Amino acid sequence: MSEWMKKLHLKQIIFSGFIYLVIAEIVQQIEVILTMKYYINPAYSGLWSKIMMPKAGSPPLSFFILSLILTFVGGCTLAAVFEYTKSLSKKYWTRIINFTDIMVGLSIVLGYFPMYLLFNVPLSLLAWWVGATFVTIFSSAMVFAKLLKK
């Protein structure tokens, strides 16, 4: 376990994840109301994932449960990242690894989780995209650490 993980306030992070879940669900429900025309438009029916819409009509309960779980995980992740930023090092390799961890983690939680839930994209393709994101961010971080020393 990384040193920074030992310093995390787990109870506060879990509570923060729950608060995030509540806020995100309220915002998402408002967003769904405002964008319902896209979900019910037959022209977009092939776009939606089988998790969200295995058949025409409202999403099944399993989608809502998975959505709640992933949203909670996302909230906990964001809270942990907030804590994590306190420990960023000024050392070259430590800074690169820390930055890569943060950005790839956020990409997964804020980008790839919603893609998996909403769009009909193969999981194996998402895995490739995560790998490419990791390589891109890690490589860029090496450049950033050299150019942005202050």
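Two residues are in contact here when heavy atoms lie within 4.5 Å, and helices are DSSP runs of H or I with at least four residues, strands being runs of E with at least two, numbered from the N terminus. The model is predicted, so local features need pLDDT of at least 70 and side-chain atom pairs count only at pLDDT 80 or more, whereas totals for chains, interfaces and linings use all residues. Residues are numbered from 1 along each chain as its sequence is written, and side-chain values use heavy atoms, with hydrogens and water left out.

**Whole chain.** Show everything as a cartoon: the protein has five helices and zero strands, and its C-alpha atoms fill a box of roughly 55 × 35 × 25 Å along the principal axes. Of its 150 residues, 26% count as buried, where buried means under 20% relative accessible area, exposed means over 50% and partly exposed lies in between, with a 1.4 Å probe and protein chains only.

**Helix α5.** Next select residues 123-147, which form helix α5, a run of 25 residues that reaches 36 Å from its first C-alpha to its last. Which residues of α5 are buried? They are L126, T133, I137, A141 and A145, and what covers the buried residues of α5 includes α4, at residues 92-118.

**Aromatic rings.** The structure holds eight aromatic pairs, a pair being rings of Phe, Tyr and Trp (its six-membered ring) whose centres lie within 6.5 Å, called stacked when the planes are under 30 degrees apart, edge-to-face when over 60 and tilted for the rest. Select Y38 and Y44, a tilted pair at 5.9 Å centre to centre with 45° between the planes; Y38 is partly exposed at 37% relative accessibility, and Y44 is partly exposed at 33%. Then move to F99 and F144, whose centres are 6.1 Å apart and whose planes meet at 80°, so this pair is edge-to-face. Because F99 lies in helix α4 and F144 in helix α5, the pair ties together parts that are 45 residues apart in sequence. To finish with the rings, select Y92, W93, F134 and F138, which form one aromatic cluster.

**Helix α2.** Finally, select residues 10-40, helix α2, and find L34 within this helix. Is L34 buried or exposed? L34 is exposed, with a relative accessible area of 67%.

Technical notes: Expected span 1.5 Å × (residues − 1).
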